Amino acid sequence: MFNSFLRSAAVILVLVVFVAAWMLVSQRSEDALIVYCAHDLIFAKQILEDFEAETGIKVVVVGDTEATKSLGLVQRLLREMNNPKCDVFWNNQVLGTMELAGAGVLQPYKGTGYERIPDQFKDADGRWTGFAGRLRVWIINTELMPVDETGVEPHFASGDLSRMAIANPMYGTTLSHFSLLWNELGEEGIKEWYEDLKHRGCKIVPGNATVKNLVAKGVCDFGWTDTDDFFVGLDEGALVAMLPIRHEGKTICLPNSVAMIQGTNRRDDAARLIDYLLSEKVELKLARSASRQVPLGSVDESELPEEVKPLANWAKESVDVTQFADARTQCLDWLQAEALK
Amino acid sequence: MSWIEAILWSVSRAAVVALLGTLIATGVLRWIEALPPARKAWGWCSVLVPFFVPSLMTGYCYRDTSMALVHFPWLREFLYGLIVTMQVVPVAVVILAFSPTPATSAAALYTGRLFNLKPSQQWRLIVNSRFQYHIAAFCLLFLLSFQEADLAALMQASGWTEWMFTKHAAGLMLGETMRLTLWPVLIQLPFFIPVLFWLGKDSNLNSNAISHFFRSPKWMNGAVILWLIASILTVVLVPGSQLVLGIRVGIGSLFQQPSVPREIGDALLIAATTIVCAIGITATFRWMAFRKRGRSGTLLMLFCLLLPGLLGNLALGLIIAGIFQTAPLQFAYDTPLPLILGEVGVILPKTMILFHCVICMGVPASKHFISLLGSAVGRRQRISAAELQWQTTGRVRFAVVTIVGFWAYFEVLLPSILAMPGLAPVGLVLYNNLHYGRIAALGAKLALALLIPFLVALVYLLLRRFCSRFSSV
């Protein structure tokens, strides 16, 4: 009798503990600003923690799930459109954000941060604003190839690209890059170009970090990646160098973007976070971080790390990324059909 | 690769893995059975340990190797297939070792052959012999290999799971996800049925069972030992050594991450909840099935309980996410419910298999006496009974709970789809970081994450020992 009472008590106790624990976890987001963040959390978390410490506004971050690609945050926000959970979206690029703006997921906000960003990197209606960019670059193994444009271009034009790697163009900044090419070459042109690229043996690998790893280890001689991945390789001591990828003389600078979600009930806090992320201080922090993001607004240049200064100049020569938003969906549809055929 | 090609590729790979795995497992079991009793425990440890290495650890080790094989894609597929085979062979060994005594004994089979029975009668004898467990083992290995998605994603191995990832790049509606999942489920059904029959078998403990003893030729024993060494080296020691190197590199960054304890706490909470639900359902099922219902009712109930597991964790996660986005269930979308449902759906089949094996290990003859001793008036007797119960059945049950918890603790795909805002278990965070390619900084965190379940188990064991000593004083 006593034993069965003890057992029942133990079961009830366990249930109470579980319910209490789950309630505690649920409460984490109750009075918090929910931020969906596609930027690499290794770098983003520190910024958001600083914001929390400075403002006292609690932030809960939902990171992008690189593991499940499609279930990326853009798709999640589209799914949640009628039942929004997120307050602020920090995307690590801009085309996905533009798609959300087109779908009516974002609401306009033009704060102090908006004003300091050049027009070329923000939405005219204020539905999103770009900041802290990355450049698309050639990454070159310095032991295997000369590091100048006269060295890279002939290799790229040669019949054998089996020692070159690019990230899967269905995702991330490579998709943005391909959308630009879609605009530049047209539908038929890019299809022919991509077919030719694969025909010449170019390796398509999962991500820009993998491109960096392959080039750093000498498995490939060169490839396309982003500046943040390049710097990770450089910091690890790899013998790599970079050159900006240019199209018709222009570089490709892909900014982070931040936006307020339509239907948020924490508008004031969301606005404070957006202004914070778009501030000079945060752009400088990101420039000094391991990812060396390029400030897009005006900053005190003496505060910039040496290796970011040339990037800042290249960013000024960038194409207007807002011009190829429409190409993204068509390009993605084609790439998906291409990958699955 | 088209959808059909991706499925066919997965089917072919799974069939090869299952066939090889079952053959190897047969040899391994014979080797274990021939070991002297004192060495059996070590033998079992060496066989089982590769199965418990999480895909995060093997992925951490072999992701870069796999990427470096970019010029030799067939080698990458081979490496992936080899690792999967090494990790699933222990499952087949366990199935073969811990199954109920078959209706047809080896002697009956031999007699049947002497009587020159009709092929159909001969076949019926064979199907009711130990051969049915080889079929069950083959089918289970097929299912495990066919559904494997975590390591495939990290190593970029081709197959239906990777195809589905890609298909979701532009987003899919719930109906389309379900339509796509239908084919893999249909393909798995014929392989699921023998496993279902195996699970639905009453353990029917036969204390008079005659155990078979085959003495394997020396070359086979040598091959088995080589296989075990290769498995432990490939799946345990090489990833383990990388981890140790990673600890040295990443130990500094570990202390700069204040979120680590919370991430570990989240993973433990998910694991504990899954343990309670999965083991509760399994125990309730066994109680209901073998007392209240006939065999067909048992099988039907089993089928319903295990069907969600056939979807695989990716498809199951997507479907649950879709269902909880529909109007009637939207209120529960950002609660723990979708994640718990998904975790239980995926872990339940494994728990049931584990339970079945444990029951087939046999109930000690002393069980009844221990229960009598436990209800004795004297306190000392009751304490002795509790200790005896631990020695005879408690340890095994504890192992089951630990293993189920370990699986749930390291499940990564479901939390990535279904976790509510604010919930970020350590496995998921590590998995995402692996995809970002931040390998160097991960070693220490992964080592800590791996250590925690063992520490929790150790604390429990120490507490139990302390309580048992304290109460016997």
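Which residues have the most contacts inside the largest nonpolar core? They are Ala92(B), Ala137(B), Leu140(B) and Leu141(B), and the core they belong to has 110 residues. A nonpolar core here is a set of buried Ala, Val, Leu, Ile, Met, Phe, Trp, Tyr and Cys residues joined through C-beta atoms within 7 Å. A residue is buried if 20 or more other C-beta atoms lie within 10 Å of its own, exposed if 12 or fewer, and partly exposed in between, with C-beta atoms placed from the backbone. Helix H4 (residues 73–97) of chain B gives the most to this core, with twelve residues. Apart from it lies another core, of 98 residues, including Trp138(A) and Phe324(A).

A word on the ground rules. This is a predicted model, in which local features need pLDDT of at least 70, side-chain atom pairs count only at pLDDT 80 or more, and totals for chains, interfaces and linings use all residues. Residues are numbered from 1 along each chain as its sequence is written, while chains are lettered from A and ligands numbered from 1 in the order in which they are written.

Now to chain B as a whole. Chain B has 20 helices and zero strands; helices (H or I, at least four residues) and strands (E, at least two) are DSSP runs, numbered from the N terminus. Of its 473 residues, 41% count as buried. The C-alpha trace of chain B spans about 65 × 60 × 55 Å along its principal axes.

Beyond its neighbours within four places in sequence, Leu141(B) is in contact (C-beta atoms, placed from the backbone, within 7 Å) with residues including Val17(B), Ala18(B), Val88(B) and Ala92(B). Among contacts in chain B between residues at least 6 apart in sequence, 84% join residues at least 24 apart.

Where the chains touch, 41 residues come from chain B and 47 residues from chain A. On the chain B side, helix H12 (260–292) is one of the helices that supply at least two residues.

| Partner of E6(A) | Sense | Bridges |
|---|---|---|
| E7(A), residues 203–205 | parallel | three |
| E8(A), residues 222–226 | parallel | two |

Ala167(A) stands opposite Val205(A) in E7(A), and the bridge partner of Ala165(A) in E8(A) is Gly223(A). Met164(A) and Ile166(A) point one way from E6(A), Ala165(A) and Ala167(A) the other way, and all are buried.

Definitions and conventions:
Two residues are in contact if their C-beta atoms, placed from the backbone, lie within 7 Å. Two strands pair if DSSP finds at least two bridges between them.
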